[in-house]
Amino acid sequence: MIKATVLGLALLGASPVLAQCGGDFGSFVDTLKSEATGAGLDPETVDAFFRTVRQDPKVLRADRAQGVFQKPFISFSDRLISQNRIDRGAAMAEQYSDVFDRIEAEYGVNRGVLLAFWAFETDYGGFQGDFNTRNALVTLAHDCRRPELFRPQIFAALELHARGDFDPERTKGAWAGEIGMVQMLPRDILVNGVDADGSGKVELATSAPDALVSGAKMLEHMGWQANEPWLQEVTVPDTLDWSLTGASKPRSVAEWQAMGVTAREGDLAAGDMQATIILPQGHKGPAFIAYPNFNVYFEWNQSFVYVLTAAYFATQLEGAPVYQRGTPETGLNGAQMKQLQTKLQERGYDVGDVDGILGARTRAAVQTEQQRLGLPADAWPTPELLRQL
C-alpha cells in the first residue's frame, strides 16, 4: 500500500497558495516549483517533473463540454447500460471472484458497486483515457474554475513521481486527471492505493486486483458503511406526499413503509435505517429508495444522474430487474433548463451554474416552486412549471 509521507501530506494540505490561479502559465508553473522545493523536495526531481509541462486546450474543452449530464435519467442510463456491459460484468465477477470475495470481507463493498464503476469509468479497463495526466492537472489548476480541487493533485502526482510511481511524460488517463481502471486521482492513490496482487507496486492501469481493491478502500475512506445497502427500486402509492421526496429529505424506512412505499423485489432495509425516496423523472417515472451509502457516491462523482445510474447499475449487476420506466411527464431540453435556472436565480435560489443540468440544487428549488404553485412537488421540472414561472 502507498502511504503519503509527512512531506507529501504537507504539500497536499490547505494553503493560501491554493487560491492562486490564472495569469501567465510559465509564472504559474514557477510558483508550483518553488512551493515544492520549499517543502523540501529535491530540486532535480521537481525540475524533471515540470520540464515539459504545457497547457492542454483539449482538457479545457472537455471540462466545458459535459452536455451528456443534461440528459434525464432514463436516457442517460440507456446510454451507459448496455447488454455488453451487463454480460462483461458477469464475466469479470467470475474471473475476479477471489478479489471480490476479499473486498467484501475486508471492506464490505458489494462487487456490483465496483463492477459498475469499472464499467462506466473505463469499460472494464478497455479505455482509460489518452490525456497526459500531469498536463491535465496543471492546466485545470491554472484554470480558475476549480483550482482548489486540482492544485493538490499536482503535488500528489509529484510525490508519486518522486517514488518512481508516476512518469510525467507517459502517464495518461482521463481529462480530469484520473488514472487507471477505476479512475483515481493522484491524491486518492497516495492515500488509498493497495498492492493487491503482491507485485510490490500499485499498478492501477494494468492490475485489476490493485484497481478494484484500491477503489474499495477509497469508498471506505469516503464513508462507505460495510455490508449496508445503497439503492433499491420501490413502488410508491399515488397518495404519497411528493414534497417529502428528494435526496436531502431522509426518513426512517419504517416511516416510508407506513406511507405505503414497498420494495419492488425483496424486502426493504431495517425499519430504523434512514432513507430517501428518489424520483429522477417525477412521480410518474421510476422510483428508488436510497440508503446512507448512496450519499458516498457523490464523493466519487457529483453528477446526480451519473450517481443514480451507477448505483442502479450496481443493483442490476447483482440480479435486480430492469427498472420500471413508468410514464414520466415531458421534461425540459437543455435550453429550457437554462431558462428555468435563470428564472430560479432571479427568485433568489442558488442553483449553481446555469448549465442546463438538473442537479441537486436545481431540484430543490424546483420542488419549492412546485409547492408554491400547487403542482406535484416531485422536483421534476416540466414545461408547465416553466410557463408558470
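A crossing of two helices is left-handed if the near helix is turned anticlockwise from the far one by less than a right angle, and right-handed if clockwise. In this structure, H9 passes H10 in a left-handed crossing. The model is predicted: local features need pLDDT of at least 70, side-chain atom pairs count only at pLDDT 80 or more, and totals for chains, interfaces and linings use all residues. Residues are numbered from 1 along each chain as its sequence is written, and side-chain values use heavy atoms, with hydrogens and water left out.

**Helix packing**

- Two packed helices are described by the angle between their axes and the distance between the axes.
- Helices (H or I, at least four residues) and strands (E, at least two) are DSSP runs, numbered from the N terminus.
- Axes are lines fitted to C-alpha atoms, for helices over the stretch in contact, and angles run from 0 to 180 degrees between N-to-C directions.
- Helix H9 spans residues 133–142 and helix H10 spans residues 147–162. Their axes lie 8 Å apart, at an angle of about 145 degrees.
- From H9, Leu137, Val138, Leu140 and Ala141 make contact (heavy atoms within 4.5 Å) with H10. The H10 side supplies Pro147, Phe150, Arg151, Gln153, Ile154 and Ala157.
- By class, this H9–H10 contact has 8 nonpolar, 1 polar and 1 charged residues. Here Ala, Val, Leu, Ile, Met, Phe, Trp, Tyr, Cys and Pro count as nonpolar, Asp, Glu, Lys and Arg as charged, and the others, Gly among them, as polar.
- H9 also packs with helix H4 (residues 57–64): the axes come within 9 Å and cross at roughly 65 degrees. That crossing is right-handed.
- Val59, Leu60 and Asp63 in H4 meet Ala136, Thr139 and Leu140 in H9. These residues divide into 4 nonpolar, 1 polar and 1 charged.

**Salt bridges**

- Side chains of opposite charge can pair when their charged atoms come close.
- The structure holds 21 salt bridges (a side-chain nitrogen of Lys or Arg within 4 Å of a carboxyl oxygen of Asp or Glu).
- Asp123 and Arg85 form one of them, at 2.7 Å from N to O. Asp123 sits in the loop between helix H8 and strand S1, and Arg85 in helix H6, so the pair ties together parts that are 38 residues apart in sequence.
- Arg85 is buried (under 20% relative accessible area), at 14%.
- Asp165 is partly exposed at 30%, and Lys201 is partly exposed at 36%.
- Arg251 forms a salt bridge with Glu255, with the closest N and O atoms 3.4 Å apart. Arg251 is partly exposed at 28%, and Glu255 is partly exposed at 36%.
- A network of salt bridges links Asp63, Arg64, Asp143, Arg145, Arg146 and Asp353.

**Helix H15**

- Helix H15 (residues 304–317) has 14 residues.
- Gly319 follows H15 and has a positive phi, near 110 degrees.

Note on methods. Buried < 20%, exposed > 50% of the residue type's maximum accessible area, 1.4 Å probe, protein only. Expected span 1.5 Å × (residues − 1).
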